[in-house]
Amino acid sequence: MSAVPVQGAVSNAAVARTVVIGGGIVGVCCALYLQRNGFAVTLVDPAAPGDSTAKWSCGQMAVSEIIPLSKPGILMKVPGWLMDQNGPLAMRPGALPGILPWFFRFMSCARQSKIVDIAQSLSSLTRNIYADYAPLLSECSDKALMGERPIIEVFNDSAYFEREQPHLELRASLGFKAQRLSPAEIGDLEPALKGRFAHGLLFPDWRSVGDTEGFVAALTESFLARGGRRIRSEARRIDEQGGRACGVTLGDGDAVAADHVVVAAGTGSRRFFDALGVRVPLEGIAGYQALLPDSGVEIRHSIIYADGGFCFTPMTRGLQIGGTIEIAGRGAQPNFRRAEIILEKARRILPQLRTDGVEFGVGYRPFLPDTKPIIDRSRRLENVVMAFGHGQLGLTLGATTGRLVADLVSARTPELNMTPFSAYRYA
Ligand SMILES: Cc1cc2nc3c(=O)[nH]c(=O)nc-3n(C[C@H](O)[C@H](O)[C@H](O)COP(=O)(O)OP(=O)(O)OC[C@H]3O[C@@H](n4cnc5c(N)ncnc54)[C@H](O)[C@@H]3O)c2cc1C
């Protein structure tokens with residue numbers, strides 16, 4: 001018997017067995033949808049439920065965050081990123097050689113035609129998210145995991161605000177709404193920010209999660225309550241027999257037999273690329289958070305501070321302030337000075353912020369250069385499905401990815417065009 005901790009019942013051996021590698025938001029949603037499709041599912045992850053990248057996310061259901069990070073003129077900005085290690089976008093000089101292949105591909109996505117193409121593809125996923133989360137959330141004991149308030153974006157720099165207009169038009173053309181807010185309207189919605197910002201936008205179709213750690217933990221609990229099994233161990237390799245996956249070997253050498261395997265391990269998915277037969281430019285792009293357990297400020301909505309490159313999100317465990325983008329290179333130590341700087345900037349807006357007991361965190365967004373995830377079947381091991389690379393949208397896209405993965409594992413053709421999410425688009 002395995003020495004690694006196992007939670008939940010071992011399911012009926014007569015039904016097809018699926019192992020999901022990775023129990024972050026994407027993995028747990030895949031596990032839940034597979035369960036709903038009649039599979040006996042084992043989730044494998046060394047971390048505790050909820051202790052994954054989404055814990056340090058901004059918690060937003062960002063339905064119209066479909067414009068890729070690469071925007072026209074990106075190349076001109078790179079010297080600035082290298083010079084200012086504390087800016088909202090930074091690249092560590094040491095990361096540059098290793099990141100270059102990824103970065104060239106990233107820049108090639110800065111053409112307007114490509115931006116439209118990516119936005120269209122991402123919107124085909126984001127427009128389904130609430131319908132896809134609904135059945136999963138309805139089975140969790142806490143019915144208030146998803147907040148009900150929309151998201152606000154605030155700007156100080158008028159030029160920045162104007163530069164965003166074409167992107168807002170593109171979002172609108174794809175059916176996503178944004179409502180302009182005057183400084184007075186910002187103050188009405190968020191009294192703490194009264195008089196602080198020149199421009200604002202309200203995204204009526206976005207929502208936020210009040211406990212990013214608890215959200216994934218609650219979904220995991222629901223999975224276990226429905227007979228799922230979760231093993232706290234790393235998956236070392238996918239086992240093969242006759243050109244198919246037949247199971248997964250764990251860190252302690254134990255093997256878990258499987259009829260299907262799903263790889264949903266965020267940046268950890270790289271370990272399985274040889275077995276999957278893919279060569280994918282997947283990088284972890286760092287973002288930092290400062291969690292203030294007793295901030296002394298009432299913030300009612302999740303707020304994107306556009307010029308600062310970070311967000312304020314009220315969470316049950318405190319006010320979480322963070323975001324920003326850092327390309328640090330694989331294996332680099334986190335630079336928590338970035339989180340301190342976010343906090344200093346936040347204090348300029350909200351001088352009354354109390355920072356006692358502050359906790360800093362870092363998360364690595366699993367990013368592909370074109371900002372789109374991979375949701376695809378391995379051509380080398382056809383009973384293995386891949387679900388990783390969700391970048392800045394993993395929380396938003398978890399349930400939709402889970403539904404599509406269940407289609408692929410069940411050999412149903414998803415109703416969406418899946419070509420944009422192919423693992424072989426970089427071949
Ligand atoms: C600062 C910041 C803000 C963000 N804000 C938002 C937001 O507002 N909205 C949004 O939608 N997204 C946001 N994101 C992005 C979102 O957090 C990620 O896209 C998402 O968490 C990725 O989920 P995942 O399940 O793919 O990967 P992860 O959460 O990284 O989970 C992967 C899991 O796989 C496990 N694993 C790795 N290797 C192995 C192995 N060999 N065997 C077994 N298990 C393994 C890991 O332990 C981990 O638990 C943000 C991210 C950051 C950093």
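Me: Which residues are closest to the ligand, and what makes a residue count as near?
Reply: The ligand is surrounded by 42 residues, the closest being Gly 24, Gly 266, Gly 268, Gly 287 and Gly 394. Near means that the C-beta atom, placed from the backbone, lies within 6 Å of the molecule. Do keep in mind that this is a predicted model, where local features need pLDDT of at least 70, side-chain atom pairs count only at pLDDT 80 or more, and totals for chains, interfaces and linings use all residues. Numbering runs from 1 along each chain as its sequence is written.

Me: How many residues of the shell are nonpolar, polar and charged?
Reply: The shell has 17 nonpolar, 21 polar and 4 charged residues. Ala, Val, Leu, Ile, Met, Phe, Trp, Tyr, Cys and Pro count as nonpolar, Asp, Glu, Lys and Arg as charged, and the others as polar, Gly among them.

Me: Which domains supply the shell around the ligand?
Reply: Domain 1 (6–53 + 214–280 + 371–421) and domain 2 (67–113 + 147–209 + 282–367) each give at least three residues to it. Those bounds come from an automatic or database domain assignment. The C-alpha centres of the two domains lie 29 Å apart.

Me: How many residues of domain 1 are in contact with domain 2?
Reply: 15 residues of domain 1 are in contact with 11 residues of domain 2, where contact means C-beta atoms, placed from the backbone, within 7 Å. On the domain 1 side, these residues divide into 4 nonpolar, 10 polar and 1 charged.

Me: What makes a set of residues a nonpolar core, and why does the largest one lie between the domains?
Reply: A nonpolar core joins buried Ala, Val, Leu, Ile, Met, Phe, Trp, Tyr and Cys residues through C-beta atoms within 7 Å. Buried means 20 or more other C-beta atoms within 10 Å of the residue's own, exposed means 12 or fewer, and partly exposed is in between, with C-beta atoms placed from the backbone. The largest core has 121 residues, and Ile 21, Cys 30, Val 262, Val 263 and Val 405 touch the most other members. Domain 1 and domain 2 both give residues to this core, so it lies between them.

Technical notes
Two residues are in contact if their C-beta atoms, placed from the backbone, lie within 7 Å.
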